[in-house]
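Here are a few exercises to work through with the structure open beside you. Try each task before reading its solution.

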Amino acid sequence: MDSFPPRTATLLYELDKKLMVLLRDGRTLIGYLRSVDQYANLLMQQTVERIHVGKKFGDIPRGVFLVRGENVVLLGEIDSLQEADQMFERVSIGEILALQKQEQDAKTEKAKSIERSLKRRGMRFPPDLVQDEFL
């Protein structure tokens, strides 16, 4: 049975591999892990930010990217042979950003509608709570 070193030392096994990193703010990064420190800060190279909207996705080149360890929610190796190209349609950066804006505008409008409905009933919730809990 393999014995792994404690904490972030196990990330050393992931060096030079293509990884997908999900951040606390919801962004998804894909790139090659080049360095890691005792705080699980990640230095990634050839990084792209992948945006998904429905069955479409687009990649925005970000280059070298430093990710603070406390912002990492999920980290995993990418199988280059079976990337998202098979399940999703790749679109241009401009198109995915337009689709993302439409999606965000729709969520904002729905949150405002919920807030107006609650207000008519004499209830008030912070808008961020309405968006997070009901959308």
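Two strands count as paired if DSSP finds at least two bridges between them. Keep in mind that this is a predicted model.

**Exercise 1. Work out which residue in β5 is the bridge partner of M20, and how β1 and β5 pair.**

Start with the strands: β1 covers residues 18–23, and β5 covers residues 72–77. Five bridges link β1 and β5, and the sense is antiparallel. Now look across from M20, and you land on G76 as its bridge partner in β5.

**Exercise 2. Go to the other neighbour of β1 and describe the hairpin of β1 and β2.**

Strand β2 takes in residues 28–36 and runs antiparallel to β1, with five bridges joining the two.

**Exercise 3. Decide whether E49 is buried or exposed, then find the side chain with which its own side chain makes a polar contact.**

First, locate E49: it lies in strand β3, residues 42–53. Next, apply the cut-off: buried means under 20% relative accessible area. E49 has 9% relative accessibility, so it counts as buried. Then follow the side chain of E49 to the side chain of R62, where a polar contact spans 2.8 Å. Finally, list what else surrounds E49: leaving aside neighbours within four places in sequence, its contacts include R27, T28, L29, G58, D59 and I60.

**Exercise 4. Classify L66 as buried or exposed, and name the residues that make a nonpolar surface patch with L66.**

L66 belongs to strand β4, residues 56–67. Exposed means over 50% relative accessible area. L66 comes in at 64%, so it is exposed. As for the patch, L66 makes it together with L43 and V64, and the nonpolar surface amounts to about 300 Å².

Technical notes: Residues are numbered from 1 along each chain as its sequence is written. This is a predicted model: local features need pLDDT of at least 70, side-chain atom pairs count only at pLDDT 80 or more; totals for chains, interfaces and linings use all residues. Side-chain values use heavy atoms; hydrogens and water are left out. Patches are made of residues with over 30% relative accessible area and no salt bridge: like charges are joined within 9 Å, nonpolar side chains (Val, Leu, Ile, Met, Phe, Trp, Tyr) within 5 Å. Accessible areas come from the Shrake-Rupley method with a 1.4 Å probe; for residues, only the protein chains shown count as cover. A salt bridge is a side-chain nitrogen of Lys or Arg within 4 Å of a carboxyl oxygen of Asp or Glu. Helices (H or I, at least four residues) and strands (E, at least two) are DSSP runs, numbered from the N terminus. Buried means under 20% relative accessible area, exposed over 50%, partly exposed in between (1.4 Å probe, protein chains only). A polar contact is a pair of N or O atoms within 3.5 Å; within protein, one must be able to donate a hydrogen and the other to accept it, and residues adjacent in sequence count only if both atoms are side-chain atoms. Contact means heavy atoms within 4.5 Å.
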